[in-house]
Structure formats: C-alpha cells, structure tokens
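Reader: I would like to learn how to read a fold from its coordinates. Could you walk me through one?

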Amino acid sequence: YRMQLNNFLQVNGGTQQMHMSASNNGPAHAPQWTVVVRINNIEYGTGVAPTLNEAKEAAAQQTLVQIRANGNR
C-alpha cells in the first residue's frame, strides 16, 4: 500500500506533501507502533501494529481508502 500511495502522490501533486509520523509504546519485547499519514497537514490514515512496517502499511492502506472515498482514483 505504501508503494501505491507513493505512486498516486507522485502523479497527483508530489510526495513532498505527505508526512508519516511514527511512535511506539509498550514494553521493548512487545511494542505497539502507531503511524499517522498527513497530506498537506490533514490527517488521512492511522495504522497500529506490532511492527513499524505493518503500521506503515496499515496507515497507507487507510489513506488510500480515504482518498478514494473523496473521489480521487
């Protein structure tokens, strides 16, 4: 989903407008990552998962769903 989001943004205005912020909490042996995707400072998607990569993928997927729901393909 990250690649799809990146490709969409390259075609439609550039990836410079996107920012992914990541944070984690919980013990070191079982962290819980949260990633938030913002485009032009508007929050589009949030992903929560036990690994950073999974959280990024979930956030990118949710962002694509939001973009498509707003009429952008």
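Reader: Happy to start with the sheet: what is the order of its strands, and how do they pair?

Author: In general, strands of a sheet pair through backbone hydrogen bonds, either parallel or antiparallel. Here three strands form an open sheet in the order 1-2-3, with antiparallel pairing. Strand 1 (18-25) and strand 3 (42-49) are the edge strands, each pairing on one side only. Two strands pair if DSSP finds at least two bridges between them, and strands (E, at least two residues) and helices (H or I, at least four) are DSSP runs numbered from the N terminus. On average, neighbouring strands of this sheet are turned by 15° against each other, direction ignored; the axes are lines fitted to C-alpha atoms, for helices over the stretch in contact, and angles run from 0 to 180 degrees between N-to-C directions.

Author: A word on the source: this is a predicted model, where local features need pLDDT of at least 70 and side-chain atom pairs count only at pLDDT 80 or more, while totals for chains, interfaces and linings use all residues. Residues are numbered from 1 along each chain as its sequence is written, and side-chain values use heavy atoms, with hydrogens and water left out.

Reader: How many bridges join strand 2 to strand 3?

Author: Seven bridges join strand 2 (residues 32-39) to strand 3, and the two run antiparallel. As one example, V35 has G47 as its bridge partner in strand 3. Helix 2 (residues 52-69) packs on the sheet and touches strand 1, strand 2 and strand 3, its direction making about 145° with that of strand 3. Contact means heavy atoms within 4.5 Å.

Reader: Which residues make up the largest nonpolar core?

Author: In soluble globular proteins, nonpolar side chains tend to be buried together. A nonpolar core is a set of buried Ala, Val, Leu, Ile, Met, Phe, Trp, Tyr and Cys residues joined through side-chain atoms within 4.5 Å. Buried means under 20% relative accessible area, exposed over 50%, partly exposed in between (1.4 Å probe, protein chains only). In this model the largest such core has twelve residues: L5, F8, L9, V35, V37, I39, A49, A55, A59, A60, L64 and I67. Helix 2 gives the largest share, five residues.
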